[in-house]
Amino acid sequence: MNIEILKLLNMHLYKKISVLDMLVSVLVVVVALVAARLVAAYMRRTFKDKIRKDNLEVAIKLINWTIVAVAVIYALGELGFKFSGLMVAGGIAGVVIGFASQSIVGNLISGIFLMIERPIKIGDQVSINDYSGFVEDIRIISTTLRTFDGLYVRIPNEKIFTAPIVNYVNHIVRRIDYTVGIRYSDDADKAIAVIKRVIDEYPFALKYPAPVVFVETLGDNCVNIAVRIWAPVAEWYGAKMELLWRIKIELEREGMEIPFPQRVVWFGNELKTNAQVRQE
Amino acid sequence: MYGTYDIPISLQSEGISLSIERRDDAVVYRRQLGDEKAEKLLLGGGSGSIVINPVEPLNLPRDLTPYLYLDFQSTVALGPKMSSTVFVTFPVEIGVFLQERGEVEILDIFTLARQKYTLYGDPRNGLLCRYWSTPVGTTAPSAGRLHEGVMELKLANGTGSWVEVNKAVFSGYGMKLFYNDDLVGMRAEMEVTGATTAQTDCRDMPLKKHMMKSLELYTARKLVVLFPKFAMTDGI
């Protein structure tokens with residue numbers, strides 16, 4: 001029985017490559033894949049609160065790829081693969097593979113440059129090629145987004161690299177812009193003071209850069225007051241939603257109204273009406 | 001309100017209502033401040049004690065930044081190579097801790113102080129800070145210890161010319177708060193190194209004798225403190 005197994009293991013599959021060599025090579029790659037996963041899990045658990053998520057993911061990928069690459073090179077060596085042969089075969093194979101994998105290589109190189117240049121990071125809120133959402137992962141070939149309405153979007157890295165990228169959270173603060181209309185009969189100075197008070201009382205409306213409130217335009221129906229407020233980028237959306245309503249409520253409490261669109265019509269002649277008043 | 005208590009407790013002060021009581025095998029923590037309520041059910045606790053003390057004012061309304069920006073209401077001018085001590089105020093947050101078998105767990109943080117943020121520096125490279133506007137004087141101001149604390153700030157001008165100081169930014173990682181029955185206090189230093197640059201640091205010394213040292217929130221969170229000093233490079 002044992003002799004049969006030994007014979008089977010020593011049986012040559014191709015030239016000098018035996019079954020044993022093949023098994024060892026496969027085993028090395030499988031162990032490397034498992035080890036890479038274990039290392040990734042260990043690193044995520046250990047460094048979760050100590051390293052930023054995007055940095056951690058890049059480091060994990062780098063280590064994973066290194067482990068797998070070393071294992072594959074070793075396994076190929078076990079199978080008698082001579083890398084010096086690549087120099088000769090590389091010329092022809094390179095042309096063939098190059099044509100076949102043009103877009104893959106393009107994406108790969110773009111992915112490497114994206115990881116070096118880092119215009120986006122995992123977790124960032126971005127807008128790329130008409131897609132807006134959170135960056136879920138930056139892989140070597142493609143980047144995945146989770147749109148704000150929860151859709152999964154995969155974008156090839158080459159497209160990201162050549163497309164304009166809007167990163168909403170790259171800077172620590174972001175401005176909120178409103179235009180608030182009040183009636184012509186309302187006191188604009190008082191309205192500005194009320195709006196400034198509301199902003200001052202709101203914690204996420206930054207003290208510096210100072211908020212700016214001013215009469216921007218004299219509109220058809222109202223006096224338009226421009227409001228510019230800076231907020232921490234992490235609180236920007238919540239602040240934008242909440243502040244406008246607070247301003248509206250406070251203005252109304254002070255007797256000022258946001259007018260409806262209106263038009264004054266002048267008649268050339270006296271307007272004649274034919275109305276009957278019914279008396280009981 | 002500050003101090004160490006055995007469970008159960010029931011406290012009321014300046015609009016704060018706080019109680020911790022045993023219910024079956026659990027401990028129930030309740031706190032109300034205005035419309036804001038907090039309630040926690042603690043399982044497996046109850047033999048420990050409750051510590052209530054002022055903590056680094058950097059946690060509310062959100063844990064966004066570890067930096068505190070003190071905006072001086074009046075400018076301080078300091079002569080060449082001079083050093084002097086001024087008193088300023090800082091906001092106080094109140095931390096409730098459960099201390100049991102050598103372990104400290106944060107139960108709650110709340111504040112009566114005004115909450116506001118600001119940017120130190122420009123929008124591209126600036127630093128988000130908790131904002132506090134403070135009077136500046138050569139004597140300690142009176143401060144309600146549940147609202148604000150008093151900081152003794154030693155200013156040192158290391159330059160050869162007059163400098164004007166309008167603000168100070170501190171890292172929360174180095175803050176050491178002390179309290180007694182009258183006030184919450186902290187000591188800090190600010191060394192002016194240029195017309196627009198300075199380095200700030202908090203000192204591990206009480207403002208007065210026999211003051212109790214606060215349990216630090218960053219210690220309770222088991223964070224490693226690496227940079228307690230702060231280099232102000234965007235204006236002073």
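**Figure 1. Overview of chain A in the predicted model.** Chain A folds into 8 helices and 10 strands. The model is predicted. The chain has 280 residues, and 30% of them are buried. Among contacts in chain A with a separation of 6 or more, 62% link residues 24 or more positions apart. The accessible surface of chain A is about 19200 Å². Carbon and sulfur atoms supply 62% of that surface.

**Figure 2. Confidence in the complex and in chain B.** The predictor assigns the complex an ipTM of 0.85. The pTM is 0.75. Chain B has a mean pLDDT of 88. In chain B, 95% of the residues reach 70 or more. Confidence in this chain is highest in strand β11 (residues 117-120), at a mean of 95. It is lowest in helix α1 (residues 217-220) of chain B, where the mean is 61.

**Figure 3. A nonpolar surface patch on chain A.** The patch is formed by A:L8, A:M11, A:L13, A:Y14, A:M22, A:V26, A:V30, A:V34 and A:L38. Together these residues expose about 850 Å² of accessible area. Two elements of chain A give two or more residues each: β1 (12-14) and α2 (19-47). Helix α2(A) provides the largest share, with 5 residues. One of the patch residues, A:V30, sits in helix α2 of chain A. The relative accessible area of A:V30 is 42%. A:V30 is therefore partly exposed, as that class lies between the 20% and 50% cut-offs.

**Figure 4. A buried lysine in chain B.** B:K167 belongs to strand β14 (residues 163-171) of chain B. The residue is buried, yet it has no salt bridge. The nearest side chain of opposite charge is that of B:D71. It lies 6.4 Å from B:K167, whereas a salt bridge requires a distance within 4 Å. Which residues contact B:K167, leaving aside neighbours within four places in sequence? They are B:Y69, B:L70, B:F72, B:Y120, B:M190, B:M232, B:G235 and B:I236.

Figure 5. Most peptide bonds are trans. In chain A, a cis bond joins A:Y208 and A:P209. Its omega is about -5°. A:P209 is placed in the loop between α7 (188-201) and β9 (212-218) of chain A. In chain B, the bond from B:I7 to B:P8 is cis. Omega there is near 5°. B:P8 occupies the loop between β1 (3-6) and β2 (9-13) of chain B.

Figure 6. Most residues other than glycine have a negative phi. A:N129 is not a glycine, but its phi is positive, at about 50°. This residue is in the loop between β3 (125-128) and β4 (131-138) of chain A. A:D130 is found in the loop between β3 and β4 as well. A:D130 is not a glycine either, and its phi is positive at about 70°.

Methods: Residues are numbered from 1 along each chain as its sequence is written. Chains are lettered from A and ligands numbered from 1 in the order in which they are written. This is a predicted model: local features need pLDDT of at least 70, side-chain atom pairs count only at pLDDT 80 or more; totals for chains, interfaces and linings use all residues. Side-chain values use heavy atoms; hydrogens and water are left out. Patches are made of residues with over 30% relative accessible area and no salt bridge: like charges are joined within 9 Å, nonpolar side chains (Val, Leu, Ile, Met, Phe, Trp, Tyr) within 5 Å. Accessible areas come from the Shrake-Rupley method with a 1.4 Å probe; for residues, only the protein chains shown count as cover. Helices (H or I, at least four residues) and strands (E, at least two) are DSSP runs, numbered from the N terminus. Buried means under 20% relative accessible area, exposed over 50%, partly exposed in between (1.4 Å probe, protein chains only). Lys and Arg count as positive and Asp and Glu as negative; His and the chain ends are not counted. Contact means heavy atoms within 4.5 Å. pLDDT is the predictor's confidence in each residue, from 0 to 100.
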